[in-house]
Amino acid sequence: MKEYQNILIIKMSSLGDVLHALPTLYALRENCPKARIVWAVHENFSAVLPGKPYIDDIVYIDKKRLKSLLYWRELRHTLHAYHFDVSFDLQGLAKSAIVAWNSGAEEKYGYWEMREGSFLVSKGLKGSHQYDHVIERYLDTVRVLGGKVDAIEFPLPNISAVQSVMKQRLYADGMKGDYIAIVPGARWTVKEWPLAYWQEFIHRITDTGMNVVLLGSKDDTEKGREIIEHISSSRVFDYTGKTNLKELMAAIANARLYISADTGPLHIANALKKELIALFGPTCPDRTGPYGGADSSYIHMLISPTSKATPTQPLVNDPQCMAQITVDMLWDVYTTVCKKVKRDD
């Protein structure tokens, strides 16, 4: 791989997608240790990005202004100052093509699935992993250019101080002992496990004496409230909508185990290499599920019996798909994983 001096990574959203691109950042830093690496991102997803030595600077992209030619000129002025040798468009959409076009990079690349005309700006690089997990597809951009990819690593910011704060918050709220972190919602309704199932499952957990911390965005607060009202247990702590992104990361990092359907925080747990259980139905785990390469023993999957999603057809629009994962099915996996975690301790 060339010894690039100034590298631009374009991956602006969403949460899971940004996290999926972190192994490519790691690989670029390994191959270009002296390069200045800049990441273009929407500000609301930037908290999961690390600082130095992996990223030297972050450029925040205002998605509301991307259709403005005036903003293009501002963006061009900002990006040209870095004198980029190369840009990597890992978004592959029209909005990321605008950033690549205005970057001034001498070489412009993307992964092979360039859509919405982005292939007119950046050259899609097709490698041997074109139908594998999206993390591997992104990494193919490094491989095709002659770089080495020796590991799947997720560089993350240091959250140790925030972890201490979250421990204190939970202690102040009355928690004693370990807890299971659960995110009951998802970005799309079709990916959500039924709320009644979550209620029954969490009831079983608390009956064993284990605490549960509910996490998620403000969109999940109604689900958190309903779970609390249904269970009425002092061992359930509702933090839905009550954390920022780094606090969410810290709460997941402090948990004994993480459980959710296919949603952004799941990929935080994966990046942290936290012991996790992921529930999949309408989306394909082989394409966008939690992934750790050879070191993936912490990942436990529960896939709907009716799921037909594949790496080439990644979405099944069946609202009943997730309901085919029963509470008993998850409970069996949960008890097995708890035994494993206890052995590891």
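How close do the axes of helix H6 (residues 160-172) and helix H9 (residues 245-254) come, and at what angle do they cross? They come within 8 Å and cross at roughly 75°. Axes here are lines fitted to C-alpha atoms, for helices over the stretch in contact, and angles run from 0 to 180 degrees between N-to-C directions. H6 and H9 are therefore roughly perpendicular to each other; angles of 65 to 115 degrees get that label, under 35 is roughly parallel, over 145 roughly antiparallel, and the rest oblique.

Before going on, some ground rules. This is a predicted model, where local features need pLDDT of at least 70 and side-chain atom pairs count only at pLDDT 80 or more, while totals for chains, interfaces and linings use all residues. Residues are numbered from 1 along each chain as its sequence is written, and side-chain values use heavy atoms, with hydrogens and water left out. Helices (H or I, at least four residues) and strands (E, at least two) are DSSP runs, numbered from the N terminus.

Back to that crossing. On the H6 side, Val162, Gln163, Met166, Lys167 and Arg169 make the contact, and H9 brings Lys246, Glu247, Ala250, Ala251, Ala253 and Asn254. Contact means heavy atoms within 4.5 Å. Sorted by class, the contact of H6 with H9 has five nonpolar, two polar and four charged residues. For those classes, Ala, Val, Leu, Ile, Met, Phe, Trp, Tyr, Cys and Pro count as nonpolar, Asp, Glu, Lys and Arg as charged, and the others, Gly among them, as polar.

Now for the strands. Two strands pair if DSSP finds at least two bridges between them. At the S6 end, strand S5 (residues 107-111) runs parallel to S6 and is joined to it by three bridges; Tyr111 stands opposite Leu125 in S6.

Helix H4 (residues 94-103) is worth a stop. Seven of its ten residues are buried, so H4 is largely enclosed by the rest of the structure. Buried means under 20% relative accessible area, exposed over 50%, and partly exposed in between (1.4 Å probe, protein chains only). The buried residues are Ser96, Ala97, Ile98, Val99, Ala100, Asn102 and Ser103, and they pack against S1, S2, helix H3 (69-80), S4 and S5. Just after H4, Gly104 takes a positive phi of about 75°.

Four bridges pair strand S10 (residues 257-261) with strand S11 (residues 276-280) in the parallel sense, and Ser260 has Ala278 of S11 as its bridge partner.

Leu195, Trp198, Gln199, Ile202, His203 and Thr206 of H7 meet Lys223, Glu226, Ile227, His230 and Ile231 of H8. This contact divides into five nonpolar, four polar and two charged residues.

A cis peptide bond joins Ser13 and Ser14, with omega about -15°, and Ser14 is in the loop between S1 and helix H1 (15-20). Another cis peptide bond joins Lys52 and Pro53, with omega about 15°; Pro53 is in the loop between S2 and S3. Ser232 has a positive phi near 50°, is placed in the loop between H8 and S9, and is exposed at a relative accessible area of 61%. Lys273 has a positive phi of about 55° although it is not a glycine. Lys273 lies in the loop between helix H10 (264-271) and S11, and counts as partly exposed at 27% relative accessibility.
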